[in-house]
Amino acid sequence: MVMVFYGSNGKSNPVSMENKVEHQTENQITYDIHLPTDLGMLYKVRLGLQSLENNVSQLSLRHFKIQNTSTLDTFSLTINKTLPLSPNGDRWIEFPIQWPLKEPLSVVTYHLTVFSRNILNERNLVHMTACIYGTHGDTGDRSLLQSLQNVQQGEKNESFLVIMDAVDLGELKKIVLLISSKTDCKLDIKKLHVQEAAKEHPIYVFEVNEEFSVNANKPKIQREIPGSFVIRGEKQKDDIDNNLNKEGSKVKNLIEYTIKVYTGDKRGAGTDANVHIILFGNEDKSEVFQLSQSLEHQNPFERGKVDTFKIKTKNLGSLRSIEIGHNGKGF
C-alpha cells in the first residue's frame, strides 16, 4: 500500500506504508510520515495498491485519520471500501482533506472514453494507463483496459468507457498515456474524451491520431497528449460534428511532413522546454504541433543531437515559412 499527498505547492512522491508506530491496536495501523515542507497545505490523498499484478490480495479500508504533529490539526474520514474496487478494477481511491476553516474539494466521477481502431483486439496483450492532469492536480496512473464499459464496435472504429473517481481536477489540461507490452503489438488511438459523469458538458477532447508500435526494442511508450478543445454546449457539439462530416473527405488527404531538428553542439544548447512548430504555406497554415515524440531519442533536444518528428496536417500548398519556439521551461 502506498499514499500520495497533494498540497497547495505540489505533491509528494509515493509514500510506502512501512514506518509503523509501536503499540498498535487491533485492526488499526499507525504510521509516521515525514512529508516535504514545501507541499504547503494538504488538500487530498491518493491511496492504493502499488502492485499491478492481477493476483494481488484485497485490502479492506475502514477509516483514515491524519494529524499534523506540530499543530495537532486532525482530519478523519470513514472509507469502508475494498481495493481493488472491483475484480480487475481500479486499485486507487482519492479523497479530499478537510482542515478547520478550510472548504474541501469534492470527489468527482469522471468518464474517459477512448476512441480507437483496434485496441479491443489487443487488450489481453497490452497494459495501458492514463494520468489526467488538471489545475487541481492529477489522477495518477489509472488502468484503462481492466474493466471496460459501454464497449461499441463498428467496421472501422471502436470506443469504450473507463470510469474513475478522483478529487475535483478543475480545468483539464493534458493526459499522459503509458503503453507497455511483453509481445509485439500495435495500438491505433484516435482520440480521448473526458467529462464529469454527472454533467453533459463540458467535454474535454484530446486528439491523438497515432499508431503506437510496442515491441522488444520499445516495450514501453509514453505520450503526453495536450488538450485539443473543449465542448461546452450542445450547439458547439453539433457544429463540431457538422464540421467533421464536411472535413471527412479531407482527413484522407492529410499531408505527412518529416521534421528534423538539429540541436546546436555548444554548451547549454539543449533544452527541456516544450518545443512547438507551425508550418505556413501559400494556401493555409497548420495547427500548432508539440514536438515531443522524437523517433530517435526519449529525451529530445539534447546538445549535438538530431531528432526526427512526423506530423500530419491539411494541405498547406507550397511551404513558405515556419514558426518554431518553446515555452521557456527549465534551463
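**Exercise 1. In S2, which residue is the bridge partner of Tyr-6?**

Before we start, note that this is a predicted model, in which local features need pLDDT of at least 70, side-chain atom pairs count only at pLDDT 80 or more, and totals for chains, interfaces and linings use all residues. Residues are numbered from 1 along each chain as its sequence is written, and side-chain values use heavy atoms, with hydrogens and water left out.

*Solution.* 
- Step 1: Learn the terms. Strands are DSSP runs of E with at least two residues, numbered from the N terminus; two strands pair if DSSP finds at least two bridges between them.
- Step 2: Look at S1 and strand S2 (residues 10-11), which run antiparallel and are joined by 2 bridges.
- Step 3: Read off the partner of Tyr-6, which is Lys-11.

**Exercise 2. Are the residues of S1 buried or exposed?**

*Solution.* 
- Step 1: Buried means under 20% relative accessible area, exposed means over 50%, and partly exposed lies in between (1.4 Å probe, protein chains only).
- Step 2: In S1, 6 of the 6 residues are buried, so this strand is largely enclosed by the rest of the structure.
- Step 3: Sort them by direction. Val-2, Val-4 and Tyr-6 point one way, while Met-3, Phe-5 and Gly-7 point the other way.
- Step 4: Connect this to a rule: in a regular strand, side chains alternate between the two faces of the sheet.

**Exercise 3. In the open sheet of 6 strands, which strands stand at the edges?**

*Solution.* 
- Step 1: Write down the order, S12-S13-S8-S15-S16-S18, with antiparallel pairing.
- Step 2: Strand S12 (149-153) and strand S18 (229-231) stand at the edges; each has a single partner strand, so one side of each is left without a neighbour in the sheet.
- Step 3: Look inside the sheet, where 9 bridges join strand S15 (residues 185-196) to strand S16 (residues 203-214). Val-194 stands opposite Tyr-204 in S16.

Notes: Helices (H or I, at least four residues) and strands (E, at least two) are DSSP runs, numbered from the N terminus.
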